[in-house]
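Please open the structure in the viewer and keep the selection tool at hand.

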Amino acid sequence: MKLGGNRKLRHCLTGLLLLALCSLNLQPQERFRRNPPYPEPLNPMKFPPVESGVLSSGLRVVTMTRLNKPLFDLLVIVQAGENDSPRQLSGLATVTAEMLLRGTLSLSSSAIEEQMERLGIRGNIEVGADYIIYSFSFLEENLEDVLRLVGSLFYDPIFSPLELSAVKRDFYYQQLARKKDPEKSGYDFFLTRLFAGSGYNPGVIDEESIRNISQKDVISFYQRFIRPNNSLVILDGNINLNNASRKISQAFYRWIPRPVEPTPAPHLTNLNYQSIVFLDLPSPDVSVIIGNAVSPLGSSDYHALLVLNQLIGGSPASRLFLNLRESKGLAYYAFSQLSFFKNNGLFWIRVKSSPPSVGQVVKDVMSQLNSLLEARIDPLELEKAKAYLAGNFPLENQLPEQRAKRIGFQFIYQLPFDFWNKYYENLLMVSSEKVQEVARQYFTRQPLIVISGDFQACLDSLREIDRIEVYNQKGQLTASCEKGVVKNETR
Amino acid sequence: MIAYKKRQNRRLWLAGAILVFLFFGSGAEAIEAQETGFPYPLSRFKLRNGLEVIVCEDSSLPLISVVVTYAVGSINDPENKAGLAFMMQHLMFQGSQNVGPMQHLMYIQNAGGELNASTTFDKTFFYETVPSNQLSLVLWLESDRMNSLEINEAKIARIKELMLANEQQRSLQEPYARYFFLMDQILYPDFSYGHSPLGNADNLNNITVGDVLAFYRRYYVPNNAVLCLSGDIKAQKAKELITKYFETIPRGDEPPSYPQPDFSDVYSSRDQTIIDPLVSTPALEFGLRLDEPLSEERPALRLFEYLLINGKSSRLYKLLVSRERVALYLSGNLEDRRSFMSLKLFLLANNQIMIDRSKKLIVDELNKFKLELVSDRELVRAKSKHRFDFLSQLTATNLDRALALSEFYLRWGQLPDLNYELAAVNKITPYSILSLSRKYLQEGKYCFVTILPR
């Protein structure tokens, strides 16, 4: 009996054991593995609470309160940039911006560097057409020392001639290197052509003009534009507006306001460009830049433009990349993007390709743009584009510096106060009709097409094109080409 | 007969015990919250298949980063098959049972997320950052390729071709890169430590489907991995999801122990000059291997790196770039390879005279560390910069934090204690640096490689 009981128990246990083992490892794959899970509802990103006030010097102070973080971020945004450099001195804004870190009445350039490291500061300067942004990340415990140091950079700069030569030399070589890159030089040429005659400099720098920048020019730019009443300070960290205003006014009190006359920034028109422009430079690769003017940041078309951009070329999942690279192998990459300036916006496409493929690339990009004017946008594609933009928005704003910069743009471009917090709401409202309406508004006319690379190597592939104007790296017209027939310019 | 009965009884007990374990003891470990001085709640637990999980909760943005780190890298490449670990990284994007080739990428991009992967000498990281509502998608994707990667001849051939094309392009675009590996070969005269993780044509062609499968089965198993989540998630919810997607992935065999070669003190070459037509500017590499530094010496070594080379106010940058102007460009670091560390420097100069002068200045400056105490001012600067970098890495983005936590956990088997780590560096005195310098900066072990254009 005992043995029989044991046997039964043994069989029973063995059966259960087998069952348990089967249920663990030997069963076919679980059902949930077959398909991707549905996402949970999206949790929209909210910017941290923003407070703002203006000091007696006219300096605007903005705080973005962030608790329990050991680091602070400080942005000083000057509302002047390369558009404020005199025409014959492009690069002056960039050189002046850099010179502020190259010595004060009491600190040499290397002493500033050492102080910054001693205070645990990581700094960066960005110069655009309409702004100069100084950003500093640093240790919370050094807040007051950092403000004192940064304040002195703005009210006590000495602009030493020796440092100026070093800054100009570095900048000159950077610009020379930029000129050798077909995409960067192509984009600069595209901007120059697009803004030609407007009197606005979108940030294109002629390296030869850097040589002409003198100490006097730098001082003049500083005195005219780098003023507290033309700037704002954004402090992102564990601090409220009252405390921040008190500390900033103590640290920047010697920065004297002066009247600032803003440089005009005219509205561009979406034009019809008749011929293709070729920038001839030695390179094995070819870059194609295609674009036109669109409405500025904050316009009612902004969110529809974002969706349109995403459909066309915002990511590797967009039409251009899938068509030109993945399906046809015509390009190394193909993307589109939006760039914004004061009173203007640009939609532009950039493709990196090879000489034999460039003609087909131009043809395909144009047919992609035209298809948006005619064919109805697939609702699924539209929803995918919106889902991407909604999901990617917090990724674009991960760093405190990125969030602070967006808040800074609210002030520079006079956007509504809740502009970024309404991002999702406005994005969700974009319909396929609105996207198509925006596409028709901006893509009906022939966009500006700039190709940069080796003209002779590309010629075969461009024989079907009606008219091409060929320019050298100095921007001089050297030849024209009609249906593959080249005519040299004698001018 | 009695013996038989006893055996039978033992079997019954054993079966019973296994059942009890399977039914009652099969769940993952309880979540263990850790006090680490972090501004975010940090916890860890382990699934029964051995997968270690770290969760860092930060709801300031609706984002989450997921990092899966396998404790495998180029150090595990079999001899004559250099590049296998890196090839495996590529193959992880080539499809698994339920995810088509490159679909991993498309799923993440369609969600607005970003992803990447990297292979170091002893770890392979796969990481994604997505809006937090897409966490399940990432766990589904990562668990599928951990569970059922699909490998075949055609995929391997494609990846070999890609790796060789990339390598060819890299050798043209970054002509100095090959000399970094040459320095590794000199400092670590052993295949596992000293070969290029990128492989080469001969080695890649030696790799077969069988090698790849064996490598995957050996190292890409839950008990050889750490999964770290950082972002908008609560630990309990994370545990539920991770258990669902990962717990049924079978545990693998115990991975082999970490290779510990016994390097000879004699280098194959201590000072060599190479003429390379592909380079346009003369360059100099410096290397020094530090054998088996003690764990209590590591904070001082970290600070030594800041004093010597990290930042524009560091000794060598000020000397070679700012003051003497012999170097056009200078970079360097103290590389950590578990039982070994190595000090590596790289500089570009205008001509060979400047290179020779740089060599002398480097040696003199290193000797100064053995003779003189560093100033308090220098030490304060180094400590501040280190503190900023350390905190920045652990607090800036979810991805940086998840990568740093995973790396730390794999290295030390525990989560970092922020306060302890910072206090350890803060305690360093000029005397600690002096004694460390006297121990490790032995001129007879300095290595130089000069690369000159034709």
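Predicted model: local features only at pLDDT ≥ 70, side-chain atom pairs only at ≥ 80, totals over all residues.

Begin in chain B by selecting helix α14 (residues 376-395) and helix α16 (residues 418-426), whose axes come within 10 Å and cross at roughly 165°. Helices here are DSSP runs of H or I with at least four residues, and strands are runs of E with at least two, numbered from the N terminus. Axes are lines fitted to C-alpha atoms, for helices over the stretch in contact, and angles run from 0 to 180 degrees between N-to-C directions. The crossing angle therefore makes α14(B) roughly antiparallel to α16(B), a term for angles over 145 degrees.

Next, show the side chains of B:Lys383, B:His386, B:Arg387 and B:Phe390 on α14(B), and of B:Glu421, B:Leu422, B:Val425 and B:Asn426 on α16(B); these residues make the contact. Two residues are in contact if their C-beta atoms, placed from the backbone, lie within 7 Å. By class, this contact has three nonpolar, two polar and three charged residues. Ala, Val, Leu, Ile, Met, Phe, Trp, Tyr, Cys and Pro count as nonpolar, Asp, Glu, Lys and Arg as charged, and the others, Gly among them, as polar.

Residues are numbered from 1 along each chain as its sequence is written, while chains are lettered from A and ligands numbered from 1 in the order in which they are written.

Now turn to chain A and colour domain 1 (50-251) and domain 2 (276-488) separately; such bounds come from an automatic or database domain assignment. The C-alpha centres of the two domains lie 29 Å apart. Across the boundary, 29 residues of domain 1 are in contact with 29 residues of domain 2. Which element gives the most to the side of domain 1 of chain A that touches domain 2? Select α6(A), which gives nine residues, the most to that side.

Finally, select the eight strands of chain A that form an open sheet of mixed pairing, in the order β9-β10-β8-β11-β7-β12-β13-β14. Its edge strands are β9 (331-341) and β14 (485-488), each pairing on one side only; strands pair if DSSP finds at least two bridges between them. Ten bridges join β9(A) to the antiparallel strand β10 (residues 344-353) of chain A.

Definitions and conventions:
Parallel < 35°, antiparallel > 145°, perpendicular 65-115°, else oblique.
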